[in-house]
Amino acid sequence: MSDLWLPGAGSVDDLVARVQLRIQGFAERSGAPPVVEVELRDGSTMILQSLDAEPGLGFLTLVPHDDGGGEEWIVPVAAVARITLRVAEEQEPFGFTLPEG
């Protein structure tokens with residue numbers, strides 16, 4: 001079994017690629033890099049620097065914005081409750097990093 005991700009039967013790679021397309025579209029419409037906030041089912045939230053489909057098998061990697069730059073969260077896809085896209089307020093000097101390509 002190469003891929004355990006089930007809802008919708010698409011791959012985690014496909015899900016992440018589609019989310020990144022939505023983020024890119026939002027950025028183009030708003031004219032600024034968006035703030036991408038993820039809420040997990042346990043109620044915790046984080047503002048993302050990036051999102052990656054690795055390691056796969058129903059898991060993805062969330063890289064939060066932090067001043068130290070040394071944290072990544074590998075979570076089951078099913079742990080994600082909501083992804084919010086919004087335009088950054090002036091005191092938020094960061095946005096989401098879209099993959100090159």
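What share of the 101 residues in the chain is buried? Buried residues make up 32%, where buried means under 20% relative accessible area, exposed over 50%, and partly exposed in between, with a 1.4 Å probe and protein chains only.

Some ground rules. This is a predicted model: local features need pLDDT of at least 70, side-chain atom pairs count only at pLDDT 80 or more, and totals for chains, interfaces and linings use all residues. Residues are numbered from 1 along each chain as its sequence is written, and side-chain values use heavy atoms, with hydrogens and water left out.

The fold next. The chain has one helix and five strands. Helices (H or I, at least four residues) and strands (E, at least two) are DSSP runs, numbered from the N terminus. From that end, the elements run α-β-β-β-β-β.

Five strands make an open sheet in the order 4-3-2-1-5, with antiparallel pairing. Strand 4 (73-76) and strand 5 sit at the edges, and each pairs on one side only. From one strand to the next, the twist averages 40°. For angles, axes are lines fitted to C-alpha atoms, for helices over the stretch in contact, and values run from 0 to 180 degrees between N-to-C directions. Two strands pair if DSSP finds at least two bridges between them. Strand 3 and strand 4 run antiparallel, joined by four bridges. Leucine 62 stands opposite tryptophan 73 in strand 4.

On to strand 5 (residues 80-87), where we find valine 80. Is valine 80 buried or exposed? Valine 80 counts as buried because its relative accessibility is 18%. Valine 80 touches Val38, Glu39, Leu40 and Arg41, leaving aside residues up to four places away in sequence. Contact here means heavy atoms within 4.5 Å. Threonine 45 is 35 residues from valine 80 in sequence, and 9.7 Å away in space, C-alpha to C-alpha.

Last, the surface. The chain exposes about 6500 Å², and carbon and sulfur atoms supply 52% of that. Areas come from the Shrake-Rupley method with a 1.4 Å probe; for residues, only the protein chains shown count as cover. Leucine 57 lies in the loop between strand 2 (45-56) and strand 3 (59-64). With 45% relative accessibility, leucine 57 counts as partly exposed. Leu57, Phe59 and Ile74 form a nonpolar surface patch, with about 280 Å² of accessible area together. Patches are made of residues with over 30% relative accessible area and no salt bridge: like charges are joined within 9 Å, nonpolar side chains (Val, Leu, Ile, Met, Phe, Trp, Tyr) within 5 Å. A salt bridge is a side-chain nitrogen of Lys or Arg within 4 Å of a carboxyl oxygen of Asp or Glu.
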